Amino acid sequence: MCGIVGYIGYREAYPIVLQGLQRLEYRGYDSAGIALYDGSNLKVSKTKGKVEDLKNRLESEISTKGSIGIGHTRWATHGVPNDINSHPHVSNSGNLVIIHNGIIENYDPLRQELLNRGYTFSSDTDTEVLVNLIEDVKTKENVKLGKAVQIALNQTIGAYAIAVFDKTKPNEIVVARLGSPLAIGVGENEFFIASDATPFIEYTNNAIYLEDGEMAVVRNHKKLKIRKIKDDSLVDPYVQELQLNLEQIEKGGYDHFMIKEIYEQPDAITDTFRGRMKTKEGIIRMAGIDDNLDKFLNARRIIIVACGTSWHAGLVAEYIFEEFARIPVEVEYASEFRYRNPVIYEDDVVIAISQSGETADTMAAIKLAKAQGAFVFGVCNVVGSSISRETHAGAYTHAGPEIGVASTKAFTTQITVLTLIALKLAKHKGKLSASEFRTYLQELERIPGKVKKALESNEQAAIVAKEYKDATNALYLGRGYNFPVALEGALKLKEISYIHAEGYPAAEMKHGPIALIDEQMPVFVIATKKGHYEKVVSNVEEIKARSGKIIGIVTEGDVEVRKLADHVIEIPETLEPLTPLLSTIPLQLLSYHIAVMLEKNVDQPRNLAKSVTVE
Ligand code: G6P
């Protein structure tokens with residue numbers, strides 16, 4: 001987490017860095033800071049709070065002149081969010097200034113060593129240790145900044161994306177990455193540095209993504225040189241052309257990114273299967289699968305690793321893969337998998353799901369699986385992200401940038417990709433007849449239209465939200481394909497409205513959660529046709545008997561649940577395995593409206609971050 005931005009060139013750095021920080025706020029928003037050099041002075045301004053707070057303070061505190069600058073928006077790891085712990089951090093001499101995304105795990109012994117050598121520290125951060133370590137190396141060894149950074153980084157354990165410059169040599173910024181993303185925008189006589197490409201898309205379409213273990217000295221008017229931090233060997237820079245545009249990362253008339261992204265789902269799902277699904281011919285084309293078909297067809301099992309909402313998409317995939325392709329599936333939290341010495345076979349296929357493609361735990365799980373010989377396939381949204389590069393093959397979701405911290409369109413597009421894969425494998429394994437296969441493709445084609453229809457429940461979701469916004473607890477129940485949807489619905493509510501919510505398989509309710517039910521408890525029950533409908537109706541009866549408030553997510557024309565529930569929200573009918581793509585929509589809308597009514601920060605909920613690059 002944390003977002004970093006830098007600029008060196010001929011323009012004023014301040015507006016570029018500030019705007020870049022605003023675009024990267026999804027990565028952390030505890031505190032923010034900027035350092036600028038105006039030709040004679042290094043000016044640093046930082047504050048607890050959001051980038052907007054920084055802007056107000058900075059413009060009254062320092063002059064904003066200078067064509068070299070770095071900035072940081074923080075998600076605290078070491079030290080509470082306050083002004084002093086905010087980045088940038090300056091070295092003891094006052095010459096070096098650094099921004100850092102990541103954690104230096106051995107900062108304590110390094111700090112001790114530096115204290116013994118007379119260094120002092122004003123913050124609790126690992127980053128202040130790093131900048132002074134670089135300074136110490138630079139003075140002791142009498143080397144240039146780039147070399148000093150390299151030597152210092154080779155003494156550290158941990159993860160980083162850093163940018164550092166020296167006010168006595170303000171024509172270069174040194175950047176390095178290990179475990180946290182870092183993109184360099186390449187312009188004419190100017191360079192941009194950022195955690196992702198969004199801060200510089202209006203200036204250049206050319207970007208270089210540093211690989212783990214690489215560093216670069218970014219100099220005005222000079223060609224970029226990239227080196228390996230470990231052995232100093234030179235790496236050929238690979239310049240990618242960006243596919244992003246400005247419109248995609250703006251709110252486009254919506255009040256929040258979250259609601260914009262909820263409404264983008266019909267198009268996002270269409271983009272996900274564009275070019276992949278040939279309904280008439282009855283085929284699904286996906287290069288990442290086609291090129292590795294044997295691995296999938298001979299897989300002993302599929303292990304899915306992911307975190308958060310992506311893990312919920314993995315749970316849906318478990319049902320779909322087992323139902324269609326008849327391959328055993330295990331779904332693992334990446335953070336548990338990586339540390340529990342799992343049994344991994346060479347004929348296992350590991351699927352890593354990640355919107356950002358940067359989640360540290362998912363990345364570590366991938367590395368573990370690769371080291372044990374498994375074939376690892378990525379399902380990512382962010383093109384060129386670390387996970388998409390670390391995996392053997394993969395499929396992008398093509399949902400477009402997701403900026404709201406609460407994931408919405410990433411979830412439905414992940415499910416779409418995974419459904420395509422499962423159907424494709426089922427066809428190759430002979431588990432679905434040609435006509436069954438075509439029926440699914442035809443229905444998938446109808447899904448964007450049905451999602452649009454499901455979005456028509458928006459007004460009703462707002463009415464229901466108004467009634468339950470003051471609840472302190474909520475329960476979400478679903479069975480079969482709708483069980484992961486219940487988990488996801490509860491997560492959405494927790495994340496943005498801070499109401500305690502739990503998702504449960506409907507039948508498990510009687511083994512505990514039923515004790516919580518009283519007239520204060522809203523229970524969101526996903527009770528769509530098929531999918532054990534009658535059983536869920538019985539569960540609804542049980543809630544009713546205990547005076548719980550029932551909000552049913554039901555199929556159009558439903559009669560049974562309507563009789564029992566306090567409210568129902570209808571969604572269109574579809575084939576059972578595709579239900580999550582629709583049943584999740586009203587739950588997203590409900591959470592959104594509740595959070596708005598409670599005046600919470602919908603796009604940047606407290607304590608969370610969009611991209612979690614620390615473990
Ligand atoms: C964070 C985000 C969640 C996301 C999870 C996994 O917690 O706030 O929305 O589901 O990370 O992220 P990934 O990018 O790997 O899908």
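Tutor: Let's start with strand S4 (residues 68-74): S4 runs antiparallel to S2, and seven bridges join the two. Bear in mind that this is a predicted model, where local features need pLDDT of at least 70, side-chain atom pairs count only at pLDDT 80 or more, and totals for chains, interfaces and linings use all residues. Residues are numbered from 1 along each chain as its sequence is written, and side-chain values use heavy atoms, with hydrogens and water left out.

Student: What makes S2 and S4 a pair?

Tutor: Two strands pair if DSSP finds at least two bridges between them. S2 and S4 have seven, so they pass that rule. The strands themselves are DSSP runs of E, at least two residues long, while helices are runs of H or I of at least four, all numbered from the N terminus.

Student: And which other strand pairs with S2, and in what sense?

Tutor: Strand S3 (residues 42-48), also antiparallel and also over seven bridges. Take Ala 35: its bridge partner in S3 is Val 44, and in S4 the partner of Ala 35 is Ile 70. S2 and S3 form a hairpin with four residues between them, and Gly 39 in the turn has a positive phi of about 105°.

Student: Why is S2 called mostly covered?

Tutor: Buried means under 20% relative accessible area, exposed over 50%, and partly exposed in between (1.4 Å probe, protein chains only). In S2 (residues 31-37), seven of seven residues are buried. Ser 31, Gly 33, Ala 35 and Tyr 37 point one way and Ala 32, Ile 34 and Leu 36 the other, with all of them buried. In a regular strand the side chains alternate between the two faces of the sheet.

Student: How do you know on which side of H2 the buried Val 51, Leu 54 and Leu 58 sit?

Tutor: Those three are buried in helix H2 (residues 51-61). They cover an arc of only 45° around the axis, so they are on the same side of H2; the arc is that of the directions from the helix axis to the C-beta atoms. What covers the buried residues of H2 includes helix H1 (13-24), S2, S3 and S4, contact meaning heavy atoms within 4.5 Å.

Student: What makes Glu 202 and Arg 23 a salt bridge?

Tutor: The rule asks for a side-chain nitrogen of Lys or Arg within 4 Å of a carboxyl oxygen of Asp or Glu. Their N to O distance is 2.7 Å, so the pair qualifies. The two are 179 residues apart: Glu 202 is in the loop between strand S10 (191-194) and strand S11 (206-209), Arg 23 in helix H1. At 34% relative accessible area Glu 202 is partly exposed, whereas Arg 23 is buried at 16%.

Student: How many salt bridges does this rule give?

Tutor: The count is 34. Among them is Asp 38 with Lys 43, whose closest N and O atoms are 3.6 Å apart.
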